[in-house]
Amino acid sequence: MSKDNKPTGPSQRMLRVGELVRHALAAMFARGDIEDDALHGAVITVPEVRMTPDLKIANAYVMPLGGQHAEEIVAALNRHRKFVRGRVAPQINMKYAPEVRFYVDDTFEEAGRIDSLLRSEKVRRDLDDEDGEES
């Protein structure tokens, strides 16, 4: 491997810190530490947290159960960013606590879109043509 090659993905440390932040956020949401009308009674999942290379910003992708009012919940979480940062900091045991930014997780929608494409008539027809040629 030459020196010109750059890493193509996140480093091991970025992944590890992201996972620590994800667990801290999930525990905080499970306890209901944030008091906001928009978050009252909402079950929030945190599928992924991506860290920037300098570990100063944590981009947290969240989705409420059922996907209802996702934008409203993300806006409420972003309003309480400083509070969240203060609660996450002691749990991750780092010199500097990352700033947490919340985004709606759209991977479920993307997976559904890909699934519907794979089940479409065009793809079935192409797969049937390939099976016919191999016989």
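Two strands are taken as paired if DSSP finds at least two bridges between them, and helices (H or I, at least four residues) and strands (E, at least two) are themselves DSSP runs, numbered from the N terminus. The model shown in these views is a predicted one, in which local features need a pLDDT of at least 70 and side-chain atom pairs count only at pLDDT 80 or more, while totals for chains, interfaces and linings use all residues. Residues are numbered from 1 along each chain as its sequence is written, and side-chain values use heavy atoms, with hydrogens and water left out.

View 1. Three strands form an open sheet in the order β1-β2-β3, and the pairing is mixed. The edge strands are β1 and β3, each of which pairs on one side only. Six bridges join β1 to β2, and these two strands run antiparallel, whereas β2 and β3, also joined by six bridges, run parallel.

View 2. Eight of the eight residues of β2 are buried (under 20% relative accessible area, with exposed meaning over 50% and partly exposed lying in between, for a 1.4 Å probe and protein chains only), so the strand is largely enclosed by the rest of the structure. In a regular strand the side chains alternate between the two faces of the sheet. Here Ile57, Asn59, Tyr61 and Met63 point one way from β2, and Ala58, Ala60, Val62 and Pro64 point the other way.

View 3. Asparagine 59 is found in strand β2 and, at 16% relative accessibility, counts as buried. In β2, asparagine 59 is the bridge partner of arginine 50. When residues up to four places away in sequence are not counted, asparagine 59 touches Glu48, Val49, Arg50, Arg101 and Tyr103, a contact meaning heavy atoms within 4.5 Å. The strands β1 and β2 form a hairpin with five residues between them, and leucine 55 in the turn has a positive phi of about 60°.

**View 4. The largest nonpolar core.** A nonpolar core is a set of buried Ala, Val, Leu, Ile, Met, Phe, Trp, Tyr and Cys residues joined through side-chain atoms within 4.5 Å. The largest such core has 27 residues, and those with the most contacts inside it are Val21, Leu25, Phe29, Leu77 and Phe102. Two or more residues come from each of α1 (12-31), β1 (44-51), β2 (57-64), α2 (70-79), α3 (81-92) and β3, and α1 gives the most, with seven residues. Phenylalanine 102 touches Leu25, Phe29, Ala60, Val62, Val74, Leu77, Asn78 and Val84, not counting residues up to four places away in sequence.

**View 5. The aromatic pair of phenylalanine 29 and phenylalanine 102.** A search of the whole structure finds two aromatic pairs, where rings of Phe, Tyr and Trp (its six-membered ring) pair if their centres lie within 6.5 Å, and planes under 30 degrees apart count as stacked, over 60 as edge-to-face and the rest as tilted. One of them, formed by phenylalanine 29 and phenylalanine 102, is tilted, at 6.2 Å centre to centre and with 50° between the planes. Phenylalanine 29 lies in helix α1 and phenylalanine 102 in strand β3, so the pair ties together parts that are 73 residues apart in sequence. Both of these phenylalanines are buried.

**View 6. Loop residues and positive phi angles.** Most residues other than glycine have a negative phi. Histidine 69, in the loop between β2 and α2, has a positive phi of about 60° although it is not a glycine, and is exposed, with a relative accessible area of 56%. Asparagine 93, in the loop between α3 and β3, likewise has a positive phi, of about 55°, and counts as exposed at 71% relative accessibility. Glutamine 68 also has its place in the loop between β2 and α2 and is exposed, with a relative accessible area of 55%. The C-alpha atoms of glutamine 68 and alanine 42, 26 residues apart along the chain, are separated by 9.3 Å.

**View 7. Confidence along the chain.** The chain averages a pLDDT of 85, and 90% of the residues score at least 70, pLDDT being the predictor's confidence in each residue, from 0 to 100.
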